[in-house]
Amino acid sequence: MKFTFFSSLVGLLFICRIVPAQEQTEVLMTINGNPVTKAEFERIYKKNDINLPGYSPQSLDSSLEMFINFRLKVAEAEKLKFDTASSFVSELKGYRDQLAKSYLTAQDMLNEMEKEAYYRLKNEVNVRHILIRISPSAISDDTLKAYQKALSVRKMVIDGEPFAQVAAKLSDDSLSKNNAGNLGYISAFKTGYAFESAAYSTPEGSVSMPVRTREGYHLLEVTDTRTDPGEIKVAHIMIIVPFGSDVSKDDSARNAINQIYVKLKNGEDFSTLSSEYSEDRSTAKEGGVLPWFGPGKMIPEFETAAFALQKNGDFSRPVHTPYGWHIIKRIDRKAIPPFEQLEGEIRKKIENDPERQYFLREIFIKRLKKEYAFKEDKKNLLPFYSLGNADFSSAKGLSKPLFSFDNKTFSQKDFGEFMKQHPETCPIKDIDNLYNEFVEESLMNFENSRLEQKYPEFRYITQEYHDGILLFNITDSLVWSKAITDTTGLIHFYEVNKDNYLSGKRLEATIYSCPDANKTKTAYQLVKKSKYKFNDPKLVEKVCGKSNDHPCLQIEHKIFSQGENKLLDSIGWNLGLTNIIDKDGSVIFISRDAELKPQPKPLNEIKGLVTADYQSYLENQWIKELRKKYTIELNRKILYSIK
């Protein structure tokens, strides 16, 4: 209830039509001399009345009244300095920072990257690699040597030496010694983005140029491509062969699994056999069932056998893996979902992928440089290399320009100040990286500062966040929380308006029930002759006997509202005794004693309802005060020109 109008404001992201420049500046009204444009109101009107068949003076007038109330509350919040509170400033900044993210990136490239990732998820490549290792922070001479070595190794393969042999002999990846550099099938997000992109851009059977990652330079050979098989759910029966076991142990395990296989072929239940024989005790009790998995999650021998099963219920012949012997049963299989279903998940992965984010940022920075006519004079960067680990305060005497954009110049002094803020990057080898960071940060900060000016929709949404937060905060302070904490005011409101909270028709009645029909008849005659009241203990004693520790006669006397007791409602509320009725194993009769007139419900029973009404009362009174306090001048001609 509190958030309805605020949510409408914050939810307004797009405008349905382009508003001409003249209409954007037409003043619809002034509040205490502050102008409100036609365009501002029209955006809200279209958002709230989007399902109306057309414009009408009535709908415009109705929306205008709500809009005026909203603008008055925001004006009052600003007058009371709600917009200077640290909590408000922090919350608004958080909203703006989050909104700005989509404007401070190459959005078109992000969309393309999502589609690219989906394609790569659906299509896997089998890759071998050779690694020439080098530190990410290596100096340029060492980097060049590593690159030249990678080129010479590539030439060996191009000249005819098998890639697998070269990988086993020269790769700095220790695993390559045993597997000839084979990484198996990869898809999106399985490796770094640079490595992944190189794999997908290298033709099958070819060797890539050296690819730089944090580990060093890689040479890639693509040996195969395939469509991603999706995910599969299987169960298995396993006989374990511990690592390092001799041949006899493996033979014994093979004989055991073959005997189980024969039982399966003869029709015995897979789940039962798994529970009885499987040595994977973590799954045996569940019939051997494993979680869903896709390519690359299991060892190759197990994965290949699982995905080779053609239909649900099929089971494999015994499969040998480094862990022992298995029989695998297919339970279910599913393909990769459509792009629309995975788009959100893919975007999150891209947002959490440093390499992809770096790639997008690089594109965005290049565009900013072009848009703002970026120029630089890098020779003026030379003095900084001689500073070494010295105090960067010595850069104060430097004042030559380093770069400029949009008629703004950034000098050596500016860079010196930036360097002092990053003392951890003092070594000479980091000057270039630090300078690039300074350039990028300067461009990004400038672009961020211009978002409201550059993108009207960003300005609108940010303003709506601003106004919506103020609206919530001041309404909470003066209405919602006040209604809850102002106990005296709430009680007074209830006393004045208690006739609005009347109970419905009520009936005072007594329900008598007993599982014994004869005893019920005895009680019925005693009540009918008015010999005993419902609360007279002698009535129970007369019906059930003196020594009965658990009285056979149950008596319920209370005031009932309509709808509270289905049996009572079904037989009617006429005063007097009912007939004896069989109901759910008991014999019942009811004395309808008196019909009570409606009266105000106690406050403690309806406090939530009264509090809500008190909130509405406080808000209405507040709006009346604001309309008296602020001067409103309206141009209805402009209002009714909205079409």
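View 1. Cys544 and Cys552 are both buried, where buried means under 20% relative accessible area, exposed over 50% and partly exposed in between (1.4 Å probe, protein chains only). The model is predicted: local features need pLDDT of at least 70, side-chain atom pairs count only at pLDDT 80 or more, and totals for chains, interfaces and linings use all residues. Residues are numbered from 1 along each chain as its sequence is written, and side-chain values use heavy atoms, with hydrogens and water left out. A disulfide is a pair of cysteine sulfur atoms within 2.5 Å. Cys544 and Cys552 form such a pair, with S to S 2.2 Å, and the count by this rule is one disulfide. The disulfide is left-handed because the torsion about the S-S bond of Cys544 and Cys552 is about -100 degrees. Cys514 is in no disulfide; its nearest cysteine sulfur, that of Cys552, is 4.0 Å away. Cys514 is buried, with a relative accessible area of 1%.

**View 2. Strand E13 and its two partners, E14 and E17.** Helices (H or I, at least four residues) and strands (E, at least two) are DSSP runs, numbered from the N terminus. Two strands pair if DSSP finds at least two bridges between them. In strand E13 (residues 506-514), eight of the nine residues are buried. E13 runs antiparallel to strand E14 (residues 554-561), joined by eight bridges, and antiparallel to strand E17 (residues 586-596), joined by nine bridges. Glu508 stands opposite Ile559 in E14 and opposite Ala594 in E17.

**View 3. The crossing of helices H18 and H19.** The axes of H18 (residues 412-420) and H19 (residues 431-449) come within 10 Å and cross at roughly 105 degrees. Axes are lines fitted to C-alpha atoms, for helices over the stretch in contact, and angles run from 0 to 180 degrees between N-to-C directions. H18 is therefore roughly perpendicular to H19; angles of 65 to 115 degrees count as roughly perpendicular, under 35 as roughly parallel, over 145 as roughly antiparallel and the rest as oblique. Contact means heavy atoms within 4.5 Å. Among the residues in contact are Phe415 and Phe418 of H18 and Leu434 and Tyr435 of H19.

**View 4. An open sheet of four strands.** The strands follow the order E4-E3-E6-E5, with antiparallel pairing. Strands E4 (182-186) and E5 (211-212) are the edges, each pairing on one side only. Two bridges join E5 to strand E6 (residues 216-227), and Val211 has His218 in E6 as its bridge partner.
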